[in-house]
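Keep the structure open while you read, and look up each residue as we get to it.

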Amino acid sequence: MDKTRKRIKIFSLIMQLIMQAVLLFPWMNMGTWKCNAPGYLLKLAASGQGGGYVKGSLEGIGVLDGIDNQMMVQIVALFICELVLVLFIQLTGLVNIIWTLRNRHRMILDILALVAGCLISFLGADGAVFTDLLSQVYPFVLVVLLVVNVIGVKMIDSWQEDKKVQEEIREKEAAYKKEKKRRLGFAGKYPEGFYRAMWKNFRKSKKDFAVYVGMNLLPASLIFSGVGMAQILAPFNKEGNILTGHGITAILLEFLIVSLLASLLLMIANLLSYFRKRMRNYSIFLSLGLRKTTMYALLAAEIIAGIIGMLIGGACIASLILLVIRRIFVAGIGIELQPAKITAFTYLLSGLILLGITGIGLMIIRDFFLYRELKKFRLGDVEKEKMPEKGIAVFLTAGIVLIVIAMIRFGARKNAEGIMIILILLAGLYLLEKYGFRLALKIHKNKKKSYYEKLMPYNSFYYRFKSTLRYVYVISVIPILVLAVFGKDIISARIAEKPEQLFPYDFVCMGTEEDDTFWNQLKEKYDIKLQEYPMVRVTNVDNSSKMDDSRQVIMPQGQHIGISETTYRELNEALGKKSEKLNLSVDGKDIYIVYQQDKGTKAHPLDYMYTRSMPYLHIGQPVESYWFMDREKIFPKRIVKGEKIDVLTGAFRQGNEENLVVFSDKYFEKVQDDWKKYNWITGDPVKKKEVAEGVNIHHWPTQLVLLNVNEADYEKIEEELRTFRKAHEEDERFDKDVLSCYSKRTTIEQIQSERFMTTVVDIFIAGAFFIGSILVIYLKYESEMEEKKRRNHFLMCIGMRTKERRKVIRTETSIFFWVPLVTALFTVPVLTGEVWLMRKYTQADCGHYLKYLLIMSAVYLVIQGIGVKMIERYTIRKVEGKHERNIKDK
């Protein structure tokens, strides 16, 4: 037996014995007795009762108290499954001990045991059954031992071989370094002439450096402006929640995320283009003996100089932009509160963000550039890029299916116009373009006559398929993002109702019967119009689209206003509106939802839990501590019988909170006093004898109070209502956005600020994408200019006329106009129509929306058309320059 096998045998036997001891330990606390998995299973088999024995033992420790039969069956099944898996681990360990003693250790048994241990942790039966710490931690300890066992055996198995390989590598490296030092040692300094030559080399490429710095000014301006706007509008960010996408901070965060991603992509493209150009100059010096370290040091100096120029230029441009935005905001919004001033912190933070993006970009392209591009410059950039040959029809079909799925899912309210749907659409578009272009080229190649006629215009696809496709795809995505994603926010903010129309009442408060004295005193003191309606607080499980662990209590929970059908009709009548007959079920399963939001707010579900189409709703305030297996008991699923977008009390949370949930009159009467019956922390029923307000129950809001006041008394009454809010501090502690009393003026200021911010941010993003689209095309053509000159020279030598050569370039560049246009024509109208349906726009709303959409589309087409045409003329002028004409004349 060799040393490796002997070590594996010793280690494996030790670990298996430890695990057997752990497995035999009585870790299961069954209340009056403790046992291990084999012991429990033996008792189960001896009892002859099967599931009845398990049920009885679990009832003895209180696990099955207060749950229905379906839940009980699930818990029993999980428990038995865990015991079987533990027994399986124990048996595989015993088998492995036997094999190891016979010097035939089986790694597959260790892996199977580890898989079983992971399944135990995933099923989580311990957390559902046991309450003591030892029983709950036991599966984790077992998995740790199994992981150590597998990794340890693997490390020992490869230790000797790895050690030998490492020694050989160290010897080779030492020999290489010694030889390198002997051959390439340079003890002296470069002469002055060397630095003059390098400086002249840089000056010759000063235009490329200026383009590099100029290209980086766009992302720099975006980042500086975004951080600056966050500081300017900080005084107006009184309300909002990043998780629900509500508030100025959430808008700016979305802007910064998009800006960071766009800036990173543009910087990477810019760096690659600049490196390629500079390597053409440095390649001759490498051939003459210039050391790589020196070349990298020179490139680093150029990059650092470019970064400094980017920071200074971006800060100057952003300062002008922020000055204009500040003045427009003050003049256009008309709010008394003044925007904050820009400080040095803004520039410092923006600079650090840009340095981070640049560093990430350099790390991403390091391997790509150093190994791949350097090889091209040494050996000649003659390698043809491979085109996909297999699975064309399959992937093309997959792309079409993804696009169709994305468009269908985007039109569902439950998906909340989510960015994930857009990403699925873009993934489908990538597959469609990649394999669609490949199929078109394949068909075109079979038609010999047209193939040879169009060979030169399509040469970039035949020869540079991957790189050309990447550029075409990026340019195709931009109109979808601008017109269908960010454009809809700009347009909907323009067509949305005036903020004053969203609030029929000056104040909306939610209290209890104990506040009647306060309201009577307020009526005696001021001339107010007060309306009171019965209500209940309604809470949904999940109020954000972020991913959550469904086995935990999810926060934030959405809070809404529950009313009866009668109250719903009265609220409509108070505003002179007609109300339809709802005919909701008496058991409370049927609900009718009134989303209180404006036309500029995204369509979204009431609850983001699971399917989202059937909200999980609890009568009462958020439940802070409950077992996830009891969720459907505390938050029963409801059926949405109908829904609409309207304002009956006020759009104080723009549909994220404080929507109206209508129940039948009988069900409402039944649950109106539920605050007396259920624990306000856990949601569990409370016995009458144990009821103690402030301890296990809390009187949540049961009165909806609507006030209209005289303009002269507004501020005085607002001050009086601070006393009301102070008395209801407990109701506001769950979520800082959900208040016991809302003010019309404060919310109007917030909405005005948010709309302004949304418009400015999305115009910034759209403008950046418009400009970035042209810059990306320019970078592509500039980086391929030498190749195009050589091709043009070849075509001229074989007798192609100037007109035909120019036509080749025009055909190539026209792809970057027509492909995005076609892509936008079959995606943007569908996505726009679905937005109209989800947000329930009227015919007039659709007409106004369409008008702004056509204006934005025209702006995009003009910018894209002019940009493509300018690049086309620039390319023609460069490739048909004096050098080529002189050759032709000769």
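**Notes on the model**

1. Let's begin with the lining of the second largest cavity: its residues divide into six nonpolar, six polar and one charged. For this count, Ala, Val, Leu, Ile, Met, Phe, Trp, Tyr, Cys and Pro are nonpolar, Asp, Glu, Lys and Arg are charged, and the others, Gly among them, are polar. The cavity has 13 lining residues, and Q16, M19, I89, G93 and A113 are the ones nearest its centre. Two or more lining residues come from each of α1 (3-24), α4 (69-101), α5 and α7 (133-184). Its space comes to about 70 Å³.

2. Before going on, a word about what you're looking at. This is a predicted model, where local features need pLDDT of at least 70 and side-chain atom pairs count only at pLDDT 80 or more, while totals for chains, interfaces and linings use all residues. Residues are numbered from 1 along each chain as its sequence is written, and side-chain values use heavy atoms, with hydrogens and water left out. Helices (H or I, at least four residues) and strands (E, at least two) are DSSP runs, numbered from the N terminus.

3. How many cavities of 30 Å³ or more does the structure hold? There are nine. A cavity here is a set of points, on a 1 Å grid over the protein atoms alone, where a 1.4 Å probe fits but cannot get out; lining residues have an atom within 4 Å of a point. Points are joined across faces, edges and corners, and the volume is the space filled by probe spheres set on them. If you wonder about the method, rolling a probe the size of a water molecule over the atoms shows where empty space is left.

4. Now for the largest cavity, with a volume of about 100 Å³. It is lined by 14 residues, and H618, Y678, N679, W680 and W700 are the closest to its centre. Sorted by class, this lining has seven nonpolar, six polar and one charged residues.

5. F88, I108, I111, L112, V115 and L119 make a nonpolar patch of about 490 Å². Patch members have over 30% relative accessible area and no salt bridge, and nonpolar side chains (Val, Leu, Ile, Met, Phe, Trp, Tyr) are joined within 5 Å. The areas come from the Shrake-Rupley method with a 1.4 Å probe, and for residues only the protein chains shown count as cover. Which helix gives the most to this patch? Helix α5 (residues 107-123) does, with five residues. L119 sits in helix α5, and its relative accessible area of 39% makes it partly exposed. The cut-offs are simple: buried means under 20%, exposed means over 50%, and partly exposed is in between.

6. Salt bridges are worth a look too: the structure holds 23 of them. The term means a side-chain nitrogen of Lys or Arg within 4 Å of a carboxyl oxygen of Asp or Glu. K488 and D489 form one, at 3.7 Å from N to O.

7. E804 is partly exposed at 34%, whereas R801 is exposed at 55%. Within it, the closest N and O atoms of D646 and K644 are 3.5 Å apart. D646 is buried at 17%, and so is K644 at 16%.

8. Finally, check two backbone angles. Q654 is not a glycine, yet its phi is positive, near 50°. You'll find Q654 in the loop between β9 (639-645) and β10 (660-663), and it is buried, with a relative accessible area of 8%. K840 isn't a glycine either, and its phi is also positive, about 55°. K840 lies in the loop between α26 (802-838) and α27 (843-879) and is partly exposed at 41%.

Conventions:
Patch = residues over 30% accessible without salt bridge, like charges linked within 9 Å, V, L, I, M, F, W, Y side chains within 5 Å. Buried < 20%, exposed > 50% of the residue type's maximum accessible area, 1.4 Å probe, protein only. 1 Å grid on protein atoms, 1.4 Å probe; cavity = no way out; pocket = protein on both sides within 12 Å on 5 of 7 lines; lining within 4 Å.
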